Amino acid sequence: MHAMMREPSSGGRFERYKERARQRRSQGTQVDNRGNEIKPKRHRGFLSLFAAFWEMLGPHRGMTFAALGALSASVMFGLVPLYAPKIVIDSVLDGRPLADGLAWFLPGSDQPRRLLLVLVGLALVLTVSSVMFGLWGRWQATRITKRVQVEARRRLFDHASRLPLHRVIELKSGGVAGLLRDDAGAIGDLVFGMIYNPWRAIVQLIGSLIILMFVDWKLLAVGLGVLPVVWLTHRTWIARIRPLWRDIRKTRREIDGAATETFGGMRIVRGFSRQRAESTAFMKRNDYMIRQELLGWWWMRGVDTAWAVLIPAASSVLLVYGAWRILGDNAAVAAGTMLQRDALTVGDLTAFLMYLGALLGPISTLAATATALQNGLAALDRVVDILHEPREFEEAASKEQTRPTKPLDRDVVQGRIAFEHVGFHYPGTTRAVLEDINLTAEAGTTVALVGPSGAGKTTLCNLVARFYDPTTGRLTLDAVDLREHDVDRYRSLLGIVEQDVFLFDGTVAMNIAYGKREATQAQIEAAARAANAHGFVTDLADGYNTMIGERGVKLSGGQRQRLAIARAVLADPKVLILDEATSNLDTESERLIQGSLAKLMRGRTCFVIAHRLSTIIHADQIVVLHHGRIVERGTHAELLAGGGVYRGMVEAQFTEFDPTAEALSTEL
């Protein structure tokens with residue numbers, strides 16, 4: 001458990017994090033918590049992430065364009081009424097004639113009251129149209145958001161479940177839950193954050209600029225002076241926020257993973273009275289994450305503060321400039337040095353200020369939402385990282401360019417498994433776990449694997465299950481390299497019963513039928529009887545429909561073991577792996593189930609890991625492993641007669657149970 005080691009203080013950890021963040025921003029040398037030099041991690045740029053997100057939209061792109069079209073109409077319809085105050089001030093109140101184009105379009109331009117009513121009616125129609133188009137477009141964008149979330153979660157789940165086994169273990173269950181729930185969910189929100197809202201701002205920006213150009217180009221030139229500030233705020237703040245949010249999400253996944261692990265091992269936590277220590281460790285991690293979030297909050301508020309000051313300041317400058325020009329133009333008209341039609345009017349200034357608000361408003365919104373957008377981009381960056389990781393055996397297949405997979409027919413497969421000079425070390429390590437293994441399990445025979453802990457027994461079975469491929473040599477099924485078979489088709493021929501039984505949170509029947517979903521109730525019950533489980537199952541409150549809880553917590557260890565055996569019985573495997581399959585059974589249950597196991601193993605190629613040597617005396621071949629090498633092999637009688645390592649193991653084990661035992665080889 002995490003709390004078993006001293007948890008560093010959140011304050012000290014946060015200070016080290018800020019130092020690493022400063023080094024990352026400067027793109028200089030970085031060091032980890034131990035002072036080792038590390039290279040700064042390179043994150044994807046915006047265009048790369050946008051391309052990845054656009055690919056995820058897939059079949060929703062057409063509707064996305066439709067939603068953007070409706071949004072464009074909504075924005076344009078909403079911009080037109082902003083011009084009405086200019087006409088009201090200049091033509092209705094001040095009596096100035098309308099421009100020729102407007103006079104043709106607006107009837108009653110020579111009657112101020114009628115013109116006012118027409119303007120109000122037209123503005124109302126355009127506003128309602130804008131709202132309706134906007135509502136439809138937003139609804140479609142929302143539907144796309146939810147569909148993208150579902151699709152992203154499906155893709156991520158499917159890909160993560162097919163990652164190499166060591167990577168799945170590294171992710172942890174809580175971390176995977178965070179990826180699926182938070183990161184994949186945040187991708188859908190990018191429909192608004194990266195497409196819908198920016199498109200609204202772009203359309204509104206272009207429309208406002210076009211209208212402002214016709215109102216007064218000099219005022220427009222002054223207004224455009226604010227755009228460099230937009231670039232400056234993005235350069236200063238936004239680029240720093242996404243790595244921070246990525247780190248926050250990583251911390252959150254670590255917290256989820258640790259909490260999941262703690263509650264999964266609650267019996268151990270309570271058994272060692274570590275509840276307070278685990279709670280303290282949990283609070284330290286959360287305190288560290290809160291410090292990261294507060295740091296992110298300050299960076300985000302920097303953008304908001306800049307724009308909270310910028311927009312009023314820009315409006316004030318333009319108001320002063322416009323009013324100053326109006327006063328000057330009025331004086332010039334009175335002096336006869338300027339024509340009245342060329343003078344800047346109060347209506348012009350009013351329209352300009354309104355369109356300036358429409359111009360700066362979306363820019364301000366983009367600047368504000370861009371900070372939150374970095375959170376979504378950080379999530380997308382992480383999801384793309386996972387999706388780009390090679391699937392199980394994908395990298396090896398591309399390097400070796402193996403031939404197309406060969407078909408596997410259950411009725412044709414014999415089940416002969418052979419190791420040919422197999423060596424293996426786990427990914428990321430160089431220490432050999434298995435070395436030069438040559439072993440043949442003929443079809444329908446049983447191979448027992450014995451040896452001290454760490455000898456390589458479980459690793460050898462992992463290779464049989466093709467959880468990993470050999471580092472050197474090859475492993476064959478009926479003389480065909482396993483790498484030439486589709487891994488899923490091959491595993492459909494396997495049955496596995498492990499010492500650490502894993503059951504799902506569901507009914508007894510569901511767990512037994514996990515490897516054969518189409519099984520009938522009669523088949524399920526027959527498998528349970530074969531595993532000596534039918535009796536206790538029928539005694540449960542709801543029989544085969546009893547919910548057994550996560551990992552089968554409502555059952556005893558022996559009951560869970562028998563359900564796992566029933567699951568293997570129903571799968572009807574060609575190759576069977578038993579890893580201490582009877583270790584959690586009491587003496588009576590073990591005696592009863594040995595006959596069932598014998599029936600299950602008959603006619604199947606079996607690999608049996610056993611520490612209780614009395615359970616393997618009838619194996620066709622006993623293989624003794626030591627430090628990853630085969631040191632002895634043969635039948636029980638042959639190995640006892642040889643007087644080697646195996647005989648010593650037998651004598652040591654039975655002497656432990658009966659110190660007076662003698663001539664153990666003959667008794668067995």
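Start by selecting F53, L156, I187 and L380: among the 47 residues of the largest nonpolar core, these touch the most other members. A nonpolar core here is a set of buried Ala, Val, Leu, Ile, Met, Phe, Trp, Tyr and Cys residues joined through side-chain atoms within 4.5 Å. Buried means under 20% relative accessible area, exposed over 50%, and partly exposed in between (1.4 Å probe, protein chains only). The model is a predicted one: local features need pLDDT of at least 70, side-chain atom pairs count only at pLDDT 80 or more, and totals for chains, interfaces and linings use all residues. Residues are numbered from 1 along each chain as its sequence is written, and side-chain values use heavy atoms, with hydrogens and water left out.

Helix α13 gives the largest share, 14 residues. Helices (H or I, at least four residues) and strands (E, at least two) are DSSP runs, numbered from the N terminus.

Now centre on L156. Apart from its neighbours within four places in sequence, L156 is in contact (heavy atoms within 4.5 Å) with L179, L180, A184, V383, I386 and L387. A second, separate core has 43 residues, including A533, A564, I565 and A610.

Select helix α2 (residues 46-57) together with α6. They pack at an angle of about 100 degrees, with their axes 10 Å apart. Axes are lines fitted to C-alpha atoms, for helices over the stretch in contact, and angles run from 0 to 180 degrees between N-to-C directions. The angle makes α2 roughly perpendicular (65 to 115 degrees) to α6. To show the contact, pick F53, E55, M56 and L57 of α2, then I144, V148 and R155 of α6.

Stay on helix α6 (residues 112-160) and select T145. Is T145 buried or exposed? T145 is buried, at a relative accessible area of 4%.

Move to helix α15 (residues 457-464). Seven of its eight residues are buried, so α15 is largely enclosed by the rest of the structure. The buried ones are K457, T459, L460, C461, N462, L463 and V464. Just past α15, select R466, which takes a positive phi of about 55 degrees.

Finally, show the whole protein. It contains 24 helices and 12 strands. Of its 668 residues, 44% count as buried.

Key:
Parallel < 35°, antiparallel > 145°, perpendicular 65-115°, else oblique.
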